[in-house]
Amino acid sequence: MRKLFLLTVALTGGFFMANAQQTAKHEDTEFYEPVPPVVTPGKTNSEPPSDAIILFNGNNLNQWVTTDDNSKPAQWTVSGDYFTVKKGTGNIETKRKFKNYQLHMEWRIPANITGEGQARGNSGLFLASTGKGDSGYELQILDNYNNKTYVNGQAGSIYKQFIPLVNANKKPGEWQSYDVIWQEPTFNSDGTVNTPATVTVLFNGVLVQNHVTLKGETLYVGQPKYKAYSGGAPIKLQAHGDKSEPDSFRNIWIRDL
Ligand code: MG
């Protein structure tokens, strides 16, 4: 009797389940719009895809200006397929402003680099330049192949905010890459933060920052703090002013998101 009861329950349950499956259709969860636009990938992931904006293609710095005087063209030195920091001319930044983006950039610490700690090939990629000098959000560039410094100031760190997940440095003299996905901060009309900035960074193809939420702009002294801006911001490169040979850069492209 008990067996019969259980059998009845099993059969009835099966019937109701089968019935539910009949009413739900596979088409219900299949969508045909919006159609993602076709983008032809490059042969390697360092080559710009078809919808990228080229910020440096090896020829000139026409896309860049001097940070402290935007009316002045970038003064850094172009040679071969790369350009190099020119000491005494200051930071440079893009003419264009960007909001949310995917960026690729390659950089090289000189093979004959000298110095130690923060004075060894120091530069920086400012994910959003919010004014003159070093204002903005800095992804550190430094030689940390075999060079100790504070870990939240080493290559791949969001300077003084986030330690990189791994040390993916190559030797000085070798080209290295950053691939960045940046989501800009948004602000309320009274200047308070609406949504904080987030960033994901691959260093030589290796994840070092996994969608971290920024605490504010990079500060050398004191706690990071947000400063309201709108309409996007330029991408900036740092001339740090070390005594050693300066860093070089090449193959910079960006995709608006
Ligand atoms: Mg720096």
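Predicted model: local features only at pLDDT ≥ 70, side-chain atom pairs only at ≥ 80, totals over all residues.

Analyst: Start with Arg 250. Arg 250 is partly exposed, with a relative accessible area of 21%. Residues are numbered from 1 along each chain as its sequence is written, and side-chain values use heavy atoms, with hydrogens and water left out.

Now the partners. Glu 106 forms a salt bridge with Arg 250, and their closest N and O atoms are 2.7 Å apart. A salt bridge is a side-chain nitrogen of Lys or Arg within 4 Å of a carboxyl oxygen of Asp or Glu. Side chains of opposite charge can pair when their charged atoms come close. By the salt-bridge rule, the count comes to 5.

Where do Glu 106 and Arg 250 sit in the chain? Glu 106 is in strand E7 (residues 101-108) and Arg 250 is in strand E16, so the pair links distant parts of the chain, 144 residues apart. Strands (E, at least two residues) and helices (H or I, at least four) are DSSP runs, numbered from the N terminus. Glu 106 is buried, at 6% relative accessibility.

Arg 250 also forms a salt bridge with Asp 81, with the closest N and O atoms 3.9 Å apart. Asp 81 lies in the loop between strand E4 (77-79) and strand E5 (82-84), and Arg 250 in strand E16, so this pair ties together parts that are 169 residues apart in sequence. Asp 81 counts as partly exposed, at 41% relative accessibility. Salt bridges that share partners join Asp 81, Glu 106 and Arg 250 into one network.

Strand E16 (residues 248-256) holds Arg 255 too. The side chains of Arg 255 and Asp 51 meet in a salt bridge (2.7 Å, N to O). Asp 51 lies in the loop between helix H1 (2-23) and strand E1 (53-56), so the pair ties together parts that are 204 residues apart in sequence. Arg 255 is buried, with a relative accessible area of 18%. Asp 51 is partly exposed, at 35%.

Note on methods
Buried < 20%, exposed > 50% of the residue type's maximum accessible area, 1.4 Å probe, protein only.
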